[in-house]
Amino acid sequence: MNLKSFYTSLLMAGMAMGTAWAIRGQFGHEQGAAWAGGIGAVGVLLVAKRADWYSRLFSVALAGAVGWGIGGIMSYGAVVGYGRGTDFVNVYYGLLMLFIIGGLYGFIGGGLFGLALADSPNRPVRWHQLVVEMVVGALVAYFFLIEQWGWLMTPPRSELWAACLGMALALTWFLYRNEHPSALRVAVFAGLGGGFGFAFGNFLQVLGSVSGIKFNFWNVMEYTLGFFGGIGMAYGTFTSAWEPVEAPKRNGVWLPLLMLTLFIPFVVWDQSFELKRLEETLVKLVQNASGLAQLVRWLALAVILITSLICFLVYYQNRKTDSVRYNYGDVRTFFLGNLGLYTVFSFLITGAFVSTYRIEQYLYLANLQIIMILAGKTKPDFAHRGLYPGRWAMGFALLLVFIALLTLVAINTHGELKGMNRRFE
């Protein structure tokens with residue numbers, strides 16, 4: 001194995017998901033997470049450089065988008081506040097719960113992504129059955145954990161983490177029962193990466209707050225979740241065995257294509273580009289805030305419609321063969337265009353196009369430049385390493401110890417901080 005190329009591939013995948021997840025911080029919720037998850041999934045395909053995967057671009061990206069987007073129903077604002085406390089119990093609890101929340105993001109996102117890679121005519125995935133099982137798992141878990149037993153993670157906020165846990169358990173059983181070890185491996189490592197990234201990111205956020213440096217350290221936490229989650233998803237993918245897959249039929253492309261380029265961006269626009277929010281942001285930066293807000297709102301919608309139409313023509317309408325095939329250039333163009341559009345949306349919603357007050361916005365551009373450079377220099381060697389529950393349990397135990405060490409460091413660096421919460425008195 002060429003270790004340099006392998007680690008460079010992991011770095012590029014991590015930066016792709018990290019940048020998208022940091023941008024997601026401006027939009028939040030399921031739709032923001034779905035857009036970021038789709039970008040992260042395409043990033044893994046881009047660095048994997050498996051020609052047979054290129055033609056599965058949109059179905060695999062949509063699976064990643066849905067999987068990572070599901071986690072957007074979870075509330076974690078209060079949990080972040082626990083990590084800003086001054087006593088070991090509350091801070092450790094906060095970081096550990098962030099590990100669980102981030103782990104659920106990554107596990108479901110990585111699992112569905114891996115399952116889409118494993119889907120083939122020889123072993124078709126029964127998606128309808130999986131959806132039913134995950135919905136039932138969510139309902140059952142929420143009913144018993146929250147309604148019956150009252151195991152509340154973040155009162156009085158939403159406890160939909162329990163629904164996500166039920167979905168993750170149902171997904172695990174589906175993958176195990178139907179013998180999809182590679183997808184399960186991707187789910188596990190994406191979950192470990194996302195969980196560690198969220199807990200470690202909150203630790204960095206606390207240190208950043210104590211430092212007195214004027215910077216958006218909340219965004220650092222978001223970047224860290226995506227960065228390590230992307231690395232985990234890529235690592236699970238590159239260390240698993242995958243059968244060659246065939247190009248999809250032409251009629252199976254248009255729906256995932258429009259979901260990724262039209263539906264998800266439109267929901268982000270509808271839920272985020274409200275006139276009141278834009279005016280409140282821009283009034284601090286320019287004089288004619290009302291007029292500029294109107295322009296930004298409708299410009300964003302126009303960009304969505306135009307880019308979606310272009311993608312539809314290029315990736316579907318102009319492909320006249322029964323089976324649709326894409327090459328590396330097609331995937332690279334879609335990846336950079338999609339991440340670039342998400343970055344433009346971030347600039348528009350924050351007003352960073354008229355002011356430099358949000359310095360982290362320009363770091364997205366720096367990340368995009370580095371990703372463009374790294375993308376052409378990666379080609380990881382794939383290796384089959386199987387499932388090792390014993391080793392994973394050991395790794396999880398070491399993570400718990402490491403989080404405890406982070407807790408000890410954090411509580412000895414500050415007094416009471418703004419936004420601090422207590423779960424236990």
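Colleague: Which residues in H2 meet residues in H4?
Modeller: On the H2 side they are Glu30, Ala33, Ala34, Gly37, Gly38, Ala41, Val42 and Leu45. Their partners in H4 are Leu57, Val60, Ala61, Gly64, Ala65, Trp68 and Gly69. Meeting here is contact, that is, heavy atoms within 4.5 Å. This is a predicted model, where local features need pLDDT of at least 70 and side-chain atom pairs pLDDT 80 or more, while totals for chains, interfaces and linings use all residues. Residues are numbered from 1 along each chain as its sequence is written, and side-chain values use heavy atoms, leaving out hydrogens and water.

Colleague: Let's compare another pair. How are H9 and H10 oriented to each other?
Modeller: H9 (residues 181–211) and H10 (residues 217–238) cross at roughly 160 degrees, and their axes come within 7 Å. They are therefore roughly antiparallel. The residues of their contact divide into 15 nonpolar, 14 polar and one charged.

Colleague: New topic: where is threonine 378?
Modeller: Threonine 378 sits in the loop between H15 (360–375) and H16 (389–411).

Colleague: Buried or exposed?
Modeller: Threonine 378 counts as buried because its relative accessibility is 2%. Buried means under 20% relative accessible area, exposed over 50%, and partly exposed in between, with a 1.4 Å probe and protein chains only.

Colleague: What is threonine 378 in contact with?
Modeller: Setting aside neighbours within four places in sequence, Ser5, Thr8, Ser9, Val47 and Lys49. A polar atom of the threonine 378 side chain also lies 3.3 Å from the backbone oxygen of alanine 375.

Colleague: Last one: which helix holds glutamine 129?
Modeller: Glutamine 129 is in H7 (residues 127–148). At 25% relative accessibility, glutamine 129 counts as partly exposed. Beyond its neighbours within four places in sequence, glutamine 129 is in contact with Phe174 and Arg177. Phenylalanine 174 is 45 residues away along the chain, yet the two C-alpha atoms are separated by 9.1 Å.

Terms used. Helices (H or I, at least four residues) and strands (E, at least two) are DSSP runs, numbered from the N terminus. A polar contact is a pair of N or O atoms within 3.5 Å; within protein, one must be able to donate a hydrogen and the other to accept it, and residues adjacent in sequence count only if both atoms are side-chain atoms. Axes are lines fitted to C-alpha atoms, for helices over the stretch in contact, and angles run from 0 to 180 degrees between N-to-C directions. Angles under 35 degrees count as roughly parallel, over 145 as roughly antiparallel, 65 to 115 as roughly perpendicular and the rest as oblique. Ala, Val, Leu, Ile, Met, Phe, Trp, Tyr, Cys and Pro count as nonpolar, Asp, Glu, Lys and Arg as charged, and the others, Gly among them, as polar.
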